[in-house]
Every structure is written in structure tokens, then in C-alpha cells.
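Let's take a walk through a protein model and look at a few of its side chains. Keep the structure open while you read.

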Amino acid sequence: MFSRHDQPIAAIATAPGRGAVGIVRVSASSVAPLIEAICARPLKPREATLLAFRAADGSTIDQGLAIHFPAPHSYTGEDVLELQAHGGPVVMQLLLARCLEAGAAMDLRVAQPGEFTQRAFLNDKIDLAQAEAIADLIDASTEAAARSASRSMAGEFSREIHQLRDALIHLRMLVEATLDFPEEEIDFLQQADAQGQLDRLAQSLAGVMQRARQGALLREGIKVVIAGQPNAGKSSLLNALAGAELAIVTPVAGTTRDVVSQTIQIEGVPLHVIDTAGLRDSDDQVEQIGIERAWGQIEGADAVLFLHDLTRSQQEDYLAADRAIARGLELKLGRRVPVIDVWNKVDAVTASSPSGPVEGPREHAHVKVSAKHGTGLDVLRRQLLDVAGWQSAPEGVYIARERHVQALRNVKEHLQAADGHLAQRASALELLAEELRLAQNALNEITGEFTSDDLLGVIFSSFCIGK
């Protein structure tokens, strides 16, 4: 019997539904029995061959292309057979069933989500960061995210991690050698410029962290919640940012009673913009539920657009209600979530009309817009990117995940601790060596050279079946 990771696997590798072409993929230590049973003729390696796919009784299931990728020169590192047929769901299921039937003697089974890519990782065809980049490329919601994922898949992110790791290993070697020859400790470390090496390592790490944070923004995007009183123009602002009539806009206060969301992109960064019910005291039970949901969305936001109505900026009751909302935002968010004061309906007031940010417990960025005519929206978009920490995307940005960013933060903390121990010299050499070891382990977690099976299960389960 095979272990689970050695067991032959098969799956439909194309998306569900009808299409011009569909692909059934098989990975095994040898696919020769399937080639003989289904193709009924030898296949030249890595050459597409037009032929009839045979059922068990010799009848034709379909006619298409068969490609054999012999190990180890394949996606998974094993023998791989790809059968490209017409992309109807019934044809694909018949072809997959035939593969399972022909491969019954070799214990062929249906692959789990991400199992082909997991095989590639386990067989050292790719590292873990590259494997994640494959899923991120498939899921990319913007062109910039797709390009960055492609760079990570090609190994750019991994190469930078390996460079950091190699420099770290060299520094660890110096420290370990010093521990073996304590009588040489001070001169040896000084002559090898251990402090300079550590400083350069920290500087290189800072650059990688910056690019990784940018890559994480491209992958994850930011959640932006539009909040404010009824009739401030929240739904109009969502529609203006999205460039489509997504939310109902009427002069009636309280029109929006549920959450309306849309993902847009600014300079390639996905923004998940959420329109919420107007915040006010209400006796309407349905509206109260909408207001509760609005506050729930606000608490989970990465940024909040606090919308104000310029046409009511001189009404004391309106300003008092805005101040109450500002206090609520401060209470629920503190300083962890940026708030941008957005003064809407600038088109409906004269230049001499007094207006300004609501006086609250903290200073907010603020901008004046007209959701109706689009005035000020470019400034608002720039403000959103600024509060998210986005910088104009250089070509070198690669896709990254939050776990990568956290691992790099851990590396930084260990290097900072190592710097303190290095300053103490002989009295803290063992602690210095330990911090450098922990820093290397944190780097290895990114590429999968040091990771847990549980983490692998979580990562690959998020892939589509057949990839």
C-alpha cells in the first residue's frame, strides 16, 4: 500500500462548467498503465498527441490531446499525464471515471484540493512561498496582484529570503566558532566584523519587509467602511467610487438598512468598500438592526470614511450628532484604525460657507468631495492609499501573505535581541547564538524548510481541486 503522499492521484484540472477544453490530470510514480489503457498507444515525452480516449470496452469517450510529462521533469516531480478533451462536465466526469477505473490496481484516487501543488512542494520542485504564490495568482483580483504573484511564483521572494538566510548562517557560523574557542572571542568577532554583518542583515531585512507589506496589501486589500448620519451621501459615495449604481440613493433618510459592499481597485490595490446604514437614534426595529450591523462593520475595518454633509454643517443638532459618532468611533477604534473625515456635497455650498472637520478627541485626515459630480475623489483615493501604507508600486514588489509579514517581524525582533547580546560580548554569546538560530527558523517558515504539517494542511486546503 502507498502512503497518502505517495498514492497516485487524479482530478479535473479545469474550472467547473462548460468550456471549449477541459483537462484531467493524473500524477503517479508511473502513469504507463493509464497510457496503455486509455490512449492505446505510446506517447512521446512532453509532446501533445491527438488520439481517441478509450473506455474499458474499447469505445471512444472523446477525442483530444494527451501529454505525458515523465518524472522528474513535471509539475509534481512525478509522472504526470494530462488528457485534454472537450470541456463539457459530462465528458470530464466520464474521463475522470475512466482514469480511476484504469488505475484501480495502482490505488489511484481523486486528489484533494491543492494536492498536485503539495506534491510539487514535497518533491522540492517549488518551496512553500512559491506554492502559495500559485494560489495567489489564480485568485488575483487586480493586474498588479497578478504580476506580483507571478514574480513570487518565479522565486523572487524566495531568493531574497534565501539571501537573508545565507547571511544569517554565515553570522551564526562566526558566533558558534567563537563559542568553541572562547579565548579568541573578542578579537575573532571584531576581525570578522560581526557587528557590521548584523547591521547589514537588519538593513536588508527592512527592505524585504517593506516589499512584503506592499505585497500583502496587493493580495489582501483593505476593508474600507463608509459611516455617518443618514442622507450624508454614503451610498452615493460608494456608487461614485465603484463607478456603478450599486446602492439605492433616495432623499429619504434611512434608505440603506443593510450592508452593501463592492471591491474596487486603486493603483492595483483591492479596496473592499462597504456602505452601511446611517448612524442615528431610531425606533424602527429594522433600522436598528442595520445600525448594529454598521457598527460591527466599523469595528472590523482597516479604514473608516466618516462622511459629513456640508449643506448641514451649520446646524447645531447635526453637528452634535456628528460629534457623538466621532466619540463612538474613538471608543470602538482608538488609534488602531485610521479615520478620514469626508465632507460631501461640496458642489451644493458656496466657497464662503464655513465648514471644517468635526471637533473630536483626535485629529483626522479630511477631504472635501462631491459624490454626485466626482469632485475630490482622486484626492480621497490617494488618502486611502496613504492610510493603508501603500507606496507607488515598484516593479520589484512580490505577492506576500500576512503569515510572511509576521514571520519577518519575528526575524526583526530576534535580530534586535541579537544586537543587544552582541554588545555584551562574552557574557551573552550563547544568547546571541540562540537569537540568531530563532531568526533563521522564522525565515525558514516562509519557504517551508521549517514548518508544521498543520500549517501545510491549512495552506493547501485553500487551493482549488486539480491544482
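Start with R25, whose charge lies over the face of Y75, at 5.6 Å from the ring centre. Now look for F116: R25 lies over the face of this ring too, at 5.5 Å from its centre. Keep in mind that what you're looking at is a predicted model.

Next, how about rings that meet other rings? A pair of aromatic rings is described by the distance of the centres and the angle of the planes. Here the count comes to one aromatic pair. The partners are F157 and Y398, and they are stacked, with 4.7 Å from centre to centre and 25° between the planes. Follow the chain and you'll see that this pair links distant parts of it, 241 residues apart. F157 belongs to helix α6 (residues 156-180), while Y398 sits in the loop between α12 (377-388) and α13 (402-423). Both F157 and Y398 are buried.

Now for the cysteines. A disulfide is a covalent bond between the sulfur atoms of two cysteines. How many disulfides does the model have? The count is zero. To count as a disulfide, the two sulfur atoms would have to be within 2.5 Å.

Note on methods
Residues numbered from 1 in each chain as written. Predicted model: local features only at pLDDT ≥ 70, side-chain atom pairs only at ≥ 80, totals over all residues. Heavy atoms only, no water. Phe/Tyr/Trp six-rings, centres within 6.5 Å; stacked < 30°, edge-to-face > 60°. Helix = DSSP H or I, 4+ residues; strand = E, 2+ residues; numbered from the N terminus. Buried < 20%, exposed > 50% of the residue type's maximum accessible area, 1.4 Å probe, protein only. Lys NZ or Arg CZ within 6 Å of the ring centre and 35° of its normal.
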